[in-house]
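Biologist: I would like to learn how to read the features of a structure one at a time. Could you take me through them, with the general idea before each case?

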Amino acid sequence: MLIATAITRFFLCEIVSGKTIMRTERIKRFRKPVIVQPGRVDRDRVVVTVLDAADILLHIWPQPDSSARHHAIRACLSVLRDGKPPRVARQAFIAAAKDARIFLGD
């Protein structure tokens with residue numbers, strides 16, 4: 001739950017003086033999208049940012065107790081919090097998707 005709370009703080013918007021502002025400095029894009037199918041057969045997801053990956057890992061991942069999933073969540077957090085390059089999260093996300101058998105391609 002602590003990891004989920006930390007990632008949630010980094011989502012796209014924050015409220016300042018009653019106005020929503022975009023936090024573009026937090027948007028970390030992958031060089032190449034990753035395609036996964038975490039749910040129904042007709043619901044492919046194209047993952048283009050670290051936040052997209054974190055959202056899928058936290059909310060709709062088919063194997064919630066997977067060590068590969070936990071590693072990918074930590075990788076997303078290290079990109080968002082510590083400024084590591086997005087490829088770190090992308091590689092961990094792909095490994096977790098392959099482990100969960102939901103990886104379709106990149």
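Biologist: Where is Arg 101 found, and is Arg 101 buried or exposed?

Modeller: Helices (H or I, at least four residues) and strands (E, at least two) are DSSP runs, numbered from the N terminus, and Arg 101 is found in the loop between α4 and β5. For burial, the cut-offs are under 20% relative accessible area for buried, over 50% for exposed and partly exposed in between, with a 1.4 Å probe and protein chains only. Arg 101 has a relative accessible area of 77%, and is therefore exposed. Although Arg 101 is not a glycine, it has a positive phi of about 60°.

Biologist: What should I keep in mind about the origin of these values?

Modeller: This is a predicted model, in which local features need pLDDT of at least 70 and side-chain atom pairs count only at pLDDT 80 or more, while totals for chains, interfaces and linings use all residues. Residues are numbered from 1 along each chain as its sequence is written, and side-chain values use heavy atoms, with hydrogens and water left out.

Biologist: How many helices and strands does the protein have, and which pattern do they follow along the sequence?

Modeller: There are 4 helices and 5 strands, and reading along the sequence gives α-β-β-β-β-α-α-α-β. Of the 106 residues in the protein, 37% are buried.

Biologist: Why is α2 described as largely enclosed by the rest of the structure?

Modeller: An α-helix has 3.6 residues a turn, so residues three or four places apart point the same way. In α2, 7 of the 10 residues are buried, which is why this helix is largely enclosed by the rest of the structure; the buried residues are Val 50, Leu 51, Ala 53, Ala 54, Ile 56, Leu 57 and Leu 58.

Biologist: How should I read a salt bridge, and how many does the structure hold?

Modeller: Side chains of opposite charge can pair when their charged atoms come close. The term requires a side-chain nitrogen of Lys or Arg within 4 Å of a carboxyl oxygen of Asp or Glu, and the structure holds 1 such salt bridge. Its partners are Arg 90 and Asp 106, with the closest N and O atoms 3.0 Å apart. This pair links distant parts of the chain, since Arg 90 lies in helix α4 and Asp 106 in the segment after β5 (103-105), 16 residues apart. Arg 90 counts as buried because its relative accessibility is 15%, whereas Asp 106, at 43%, counts as partly exposed.

Biologist: Which residues does Arg 90 contact, leaving aside its neighbours within four places in sequence?

Modeller: A contact means heavy atoms within 4.5 Å, and with those neighbours set aside Arg 90 is in contact with Phe 30, Lys 32, Pro 33, Val 34 and Asp 106.

Biologist: Where is Pro 62 found, and which residues does it touch beyond four places in sequence?

Modeller: Pro 62 is found in the loop between α2 (50-59) and α3 (67-82), and because its relative accessibility is 39% it counts as partly exposed. Not counting residues up to four places away in sequence, Pro 62 touches Pro 38, Ala 100 and Ile 102.
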